[in-house]
Amino acid sequence: MSSPAPAPEMDVDVFSDTFWKTVSSSFAQTAQDVVFRLVYALIILIIGYIIIRIVLFFVDRAMRLRKWDVSLAKFFHSAIKGILWLLLITAVIEAVNLEIVSLAGIVAALGLAIGLTVGGLMSNFVAGVVLLMRKPFVVGELIDAQGVMGKVTSIDMFMTTVLSPDNKVITIPNLPLATEELTNISREENRRIDLVIGVAYDADLALTKKVLKRACTRHTKVLPEPAVNVQVSELGDSSVNFIVRPWVKTPDYFDTKCDLLRDIKNALDKAKIGIPFPNMDVHLFEGEAGEPANFDDLSLSSTTSEDEAEVVDDSLAKNRSLSEGLRKRASNTTKKFKGMVKKVSRSKKPDTPQ
């Protein structure tokens, strides 16, 4: 098998005018082509942005005319906006003439990347669709989920935004909201307030029940139906506990609860009904501080040997003598201190009136 013929050698004179004219011409042509494509891509980007704004305007208008749910309208607005921007970016990339096969290839590559590396986002997207279909909550309702309580402000493709009572903006992924426990606080029109009031054991239970019920019914925001429920619920360690359960409108819950706690306290005080609270008893014992123990109370067991008994007797004798010495020293110190106090008091003369 014969070897291929060697390629003919080309002599290039880099110092000739012809070479540099060819290079400059090629460079100018490439730069002109790049600038043209960048300008073309910029024009496509501007026109596409305007088209997206127009399309979203008419989509929002159509959803308002059809009176779509606010949560559903915001979700579809975000979804359509994302799809349109994806198409626009693809068109801009093709205008720049990068090595991309086609729009279908881009979509397939993005879909594969999302499926393999951003599976959580797709899960949240599907969960967002489930939330919009099941409607466990809508925009404007108060929810308690994932350790967060607040008013729902938006339901997007991947996240739900909640505004807490202290005005903090909190974002929660859609997946746990769709699959885990969630409490909708403001869905129902009315809500019950649950209070536990403890009174003293010597209180008149019938009078206490009457006072508690009157304090609730006098509040203007407490509903007459269902009626206020007041019952003895528990005999506690230091109090008899009553459950107090009035019903109010859901928006009035927190304010009314605070008002009732204040009114119940004032009503019980007025009726001379005691409310127990923790107490601490302090016992004072008379005697000199640091007084040693009385060793005379110690006794030996009958099983102790004579040698052990002698050792113990010697130890007790030493401790007894030591305790007597400490007692005498403490007594002498106390007497000296009292004498010093008397001398100081005698040295002070009363002030003469001016």
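Strand E7 pairs with strand E9 (residues 240–245) in the antiparallel sense, over 5 bridges. This is a predicted model.

E7 and E9 belong to an open sheet of 3 strands. Its order is E7-E9-E8, and the pairing is antiparallel. Which strands stand at the edges? They are strand E7 (195–199) and strand E8 (229–235). Each has a single partner strand, so one side of each is left without a neighbour in the sheet. Neighbouring strands of this sheet are turned against each other by 30 degrees on average, direction ignored.

A helix joins the picture here. H6 packs on the sheet and touches E7, E8 and E9. The direction of H6 makes about 30 degrees with that of E9.

### The helix pair

Two packed helices are described by the angle between their axes and the distance between the axes. Here, helix H6 (residues 205–217) meets helix H7 (residues 253–270). Their axes come within 9 Å and cross at roughly 140 degrees. H6 and H7 are therefore oblique to each other. The crossing of H6 past H7 is right-handed.

Which residues make the contact? H6 brings Thr 208, Val 211, Leu 212, Ala 215 and Cys 216. H7 brings Leu 260, Asp 263, Ile 264, Ala 267 and Leu 268. Sorted by kind, the residues of this contact are 8 nonpolar, 1 polar and 1 charged.

### The sheet of five strands

Strands of a sheet pair through backbone hydrogen bonds, either parallel or antiparallel. Another open sheet has 5 strands, in the order E4-E3-E2-E1-E5, with antiparallel pairing. At its edges stand strand E4 (169–173) and strand E5 (183–184). Each of these has a single partner strand, so one side of each lacks a neighbour in the sheet.

Inside this sheet, strand E1 (residues 142–145) pairs with strand E2 (residues 148–155). E2 also pairs with strand E3 (residues 159–163). The table sets out pairs from both sheets.

| Strand pair | Sense | Bridges | Residues standing opposite |
|---|---|---|---|
| E1 and E2 | antiparallel | 4 bridges | Leu 142 and Lys 151 |
| E2 and E3 | antiparallel | 4 bridges | Ser 154 and Thr 161 |

How do the strands connect along the chain? E1 and E2 form a hairpin with 2 residues between them. In that turn, Gln 146 has a positive phi of about 55 degrees. A hairpin also joins E2 to E3, this time through 3 residues.

### A salt bridge between loops

How many salt bridges does a search of the whole structure find? It finds 8 salt bridges. One of them links Glu 141 with Arg 187. The closest N and O atoms of this pair are 2.7 Å apart.

Where do Glu 141 and Arg 187 lie? Glu 141 is in the loop between helix H4 (119–134) and E1. Arg 187 is in the loop between E5 and strand E6 (190–192). The pair therefore ties together parts that are 46 residues apart in sequence.

Terms used. Residues are numbered from 1 along each chain as its sequence is written. This is a predicted model: local features need pLDDT of at least 70, side-chain atom pairs count only at pLDDT 80 or more; totals for chains, interfaces and linings use all residues. Side-chain values use heavy atoms; hydrogens and water are left out. Two strands pair if DSSP finds at least two bridges between them. Axes are lines fitted to C-alpha atoms, for helices over the stretch in contact, and angles run from 0 to 180 degrees between N-to-C directions. Angles under 35 degrees count as roughly parallel, over 145 as roughly antiparallel, 65 to 115 as roughly perpendicular and the rest as oblique. A crossing is left-handed if the near helix is turned anticlockwise from the far one by less than a right angle, and right-handed if clockwise. Contact means heavy atoms within 4.5 Å. Ala, Val, Leu, Ile, Met, Phe, Trp, Tyr, Cys and Pro count as nonpolar, Asp, Glu, Lys and Arg as charged, and the others, Gly among them, as polar. A salt bridge is a side-chain nitrogen of Lys or Arg within 4 Å of a carboxyl oxygen of Asp or Glu.
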